[in-house]
Amino acid sequence: MFIRHLLLAGLLAGASCAQADTVIFTDDFDSTVAALNKTVFPGGWTVANGTVDVIGTNFIDVFPGNGNYVDLDGSTGDAGELSKSLTLTGGLAYTATFSLAGSHRGGSDIVDVMFGTASASFTLASADPFSPSSLVFTPAASGKYTLTFANRGGDNLGALLDNVSVTAIPEPSGYAMTLAGLAGIGFFRRRRRLQR
């Protein structure tokens with residue numbers, strides 16, 4: 001009887017080891033003061049090689065009701081690269097999720113997104129609404145990695161960025177342990193019923 005309880009406790013422990021996605025960073029830019037030609041941001045964002053604009057509530061608001069968001073082309077004719085440095089664990093997959101929209105002021109834009117060594121380009125027509133996109137990156141080793149958004153162009157009317165988050169994806173072994181734990185629980189319950 002003691003061994004059965006010990007096995008059941010082990011299976012329950014294995015089942016509880018499974019993890020849900022863990023949010024390690026999120027920003028909707030609502031706490032960032034709206035202004036043109038921003039190069040300094042709260043929350044660890046940096047801007048290199050140009051500027052970006054923070055627009056939205058009560059300031060060049062092309063999407064009323066969405067709070068603040070970033071115009072990735074700035075107002076200097078030199079689109080900046082908006083970056084966030086993150087400490088990531090090697091071998092663990094991470095998903096960067098973000099919303100991009102067209103400028104809503106004419107023209108089309110291409111936004112290059114780099115997350116560690118992963119990259120993707122997104123083409124947006126001026127009238128495109130905010131829509132979620134994502135990019136997955138699995139670092140080979142633990143360390144600092146950068147998430148960067150760069151608008152190709154320089155016409156002062158860039159694509160818009162909002163709702164950036166980075167989450168750690170649970171390892172598949174966590175799911176396997178959960179399934180094994182649940183199967184074990186079912187086995188012991190069935191066996192207990194049959195013994196009665």
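I started with the rings: ring pairs link F25, F29, F41, W45, F98, F122 and F149 into a cluster. Rings of Phe, Tyr and Trp (its six-membered ring) pair if their centres lie within 6.5 Å; planes under 30 degrees apart are stacked, over 60 edge-to-face, the rest tilted. The model is predicted: local features need pLDDT of at least 70, side-chain atom pairs count only at pLDDT 80 or more, and totals for chains, interfaces and linings use all residues. Residues are numbered from 1 along each chain as its sequence is written, and side-chain values use heavy atoms, without hydrogens and water.

I found eleven aromatic pairs in the structure. F25 and W45 have ring centres 5.7 Å apart and planes at 70°, so I logged the pair as edge-to-face. F25 is buried at 11% relative accessibility, and W45 is buried at 3%. Buried means under 20% relative accessible area, exposed over 50%, partly exposed in between (1.4 Å probe, protein chains only).

Next I checked R105. At 27% relative accessibility, R105 counts as partly exposed. Which side chain does R105 join by a polar contact of 3.0 Å? I found D71. A polar atom of the R105 side chain also lies 3.0 Å from the backbone oxygen of S103. A polar contact is a pair of N or O atoms within 3.5 Å; within protein, one must be able to donate a hydrogen and the other to accept it, and residues adjacent in sequence count only if both atoms are side-chain atoms. R105 and G158 are 53 residues apart in sequence, yet 8.8 Å apart in space, C-alpha to C-alpha.
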